[in-house]
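Student: Pick one part of this model and take me through it closely. Give me the contacts, and the cut-offs behind them.

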Amino acid sequence: MADQNTTHFGYREVPAKEKESHVAKVFDSVASKYDIMNDLMSLGIHRLWKRFTIDKSGVRTGHAVLDIAGGTGDLAKKFARIVGPSGRVVLADINASMLEVGRDRLTNEGFGGQVEFVQANAEALPFPDNTFDCITIAFGLRNVTNKDTALADMARVLKPGGRLLVLEFSKPENPLLTKAYDTYSFTALPVMGQLVANDSESYRYLAESIRMHPDQETLKGMMEEAGLSLCQYYNLTGGIVALHTGIKA
Ligand code: SAM
């Protein structure tokens, strides 16, 4: 069990102050192959999970939206379409390599001018209190060292009435599904990672970090602790992924 000075990096217990640099190495290594690996590993299903997130966001024309750990910009691009020129979309990510891939991609697809790119740690968001109507973090919270600190900071920068959506791997509901999913994660993922991104270790970390991440009820409790109201979650694909939502009162 990790104490206050240590934390988990996958199955390894590491000094808490070192986790950030381990995570940085993972995303520096996979950035250029991130999008293709996402499609391959999930058979494209991550697009449906993200679509569901957008549908539950309640984002409308003119809204201000922050996508934390936004990476290559899947959500930011969709939000830019919805909020239009009177709105604001900020894609924040701690990792310069992921931000660069995201910025190039969104610029090529015609969204470059509509999205602000900010290098920032989810634990110390460089925004004033009460700034955003909606905040999303998709497949990012798992990688954050101090998740409670990050959730509290997200609550801080949300406007009253604003919504936080956390899309993350979670705990499958059915034990049979768990078994098949474990086999897939610990055998196929590292092999795919090796073949496509020349990096099996990062995809082993992916599988391990998913198992170490808080389950649905635990994360819901953490969001409540961070001061959010009406917290609830939706299991997607049998709970392999869950979308948690909460409102700032
Ligand atoms: N949200 C994107 C998506 O769903 O495709 C990217 C998800 S990717 C698995 C995780 C992202 O989290 C990476 O881009 C990584 O750099 C970012 N990240 C990791 N730790 C972070 C932190 N402490 N603060 C902000 N971003 C972080």
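**Ligand surroundings and helix packing**

Tutor: Of the 19 residues around the ligand, the nearest are Tyr 34, Ala 69, Asp 93, Ala 122 and Ala 138. A residue counts as near when one of its heavy atoms is within 4 Å of the molecule. The model is predicted, so local features need pLDDT of at least 70 and side-chain atom pairs pLDDT 80 or more, while totals for chains, interfaces and linings use all residues. Numbering runs from 1 along each chain as its sequence is written, and side-chain values use heavy atoms, with hydrogens and water left out.

Now the polar contacts (N or O pairs within 3.5 Å). A polar backbone atom of Ala 69 is 2.8 Å from a ligand nitrogen. Asn 121 places a polar side-chain atom 2.9 Å from a nitrogen of the ligand. Ala 122 has a backbone N or O atom 2.9 Å from a ligand nitrogen.

Next, helix H2, residues 34–42. Helices here are DSSP runs of H or I, at least four residues, numbered from the N terminus. Axes are lines fitted to C-alpha atoms over the stretch in contact, and angles run from 0 to 180 degrees between N-to-C directions. H2 and helix H3 (residues 46–57) pack at about 100 degrees, axes 8 Å apart. H2 is therefore roughly perpendicular to H3, a class that spans 65 to 115 degrees. Asn 38, Asp 39 and Ser 42 of H2 touch His 46, Arg 47, Trp 49 and Lys 50 of H3, where contact means heavy atoms within 4.5 Å. That contact has one nonpolar, three polar and three charged residues.

H2 also packs on H7. Their axes come within 11 Å and cross at roughly 145 degrees. The crossing is right-handed, with the near helix turned clockwise from the far one by less than a right angle. H2 supplies Ile 36, Met 37, Leu 40 and Met 41; H7 supplies Tyr 184, Leu 189, Met 192, Gly 193 and Val 196. Eight of these are nonpolar, one is polar and none is charged.

H7 (residues 175–197) packs in turn on helix H8 (residues 200–212), at about 155 degrees with axes 7 Å apart. The pair is therefore roughly antiparallel, meaning over 145 degrees. This crossing is right-handed too. Among the residues that meet are Leu 189 and Gly 193 of H7, and Tyr 203 and Leu 206 of H8. The contact divides into nine nonpolar, four polar and four charged residues.

Conventions:
Helices (H or I, at least four residues) and strands (E, at least two) are DSSP runs, numbered from the N terminus. Angles under 35 degrees count as roughly parallel, over 145 as roughly antiparallel, 65 to 115 as roughly perpendicular and the rest as oblique. Ala, Val, Leu, Ile, Met, Phe, Trp, Tyr, Cys and Pro count as nonpolar, Asp, Glu, Lys and Arg as charged, and the others, Gly among them, as polar. A polar contact is a pair of N or O atoms within 3.5 Å; within protein, one must be able to donate a hydrogen and the other to accept it, and residues adjacent in sequence count only if both atoms are side-chain atoms.
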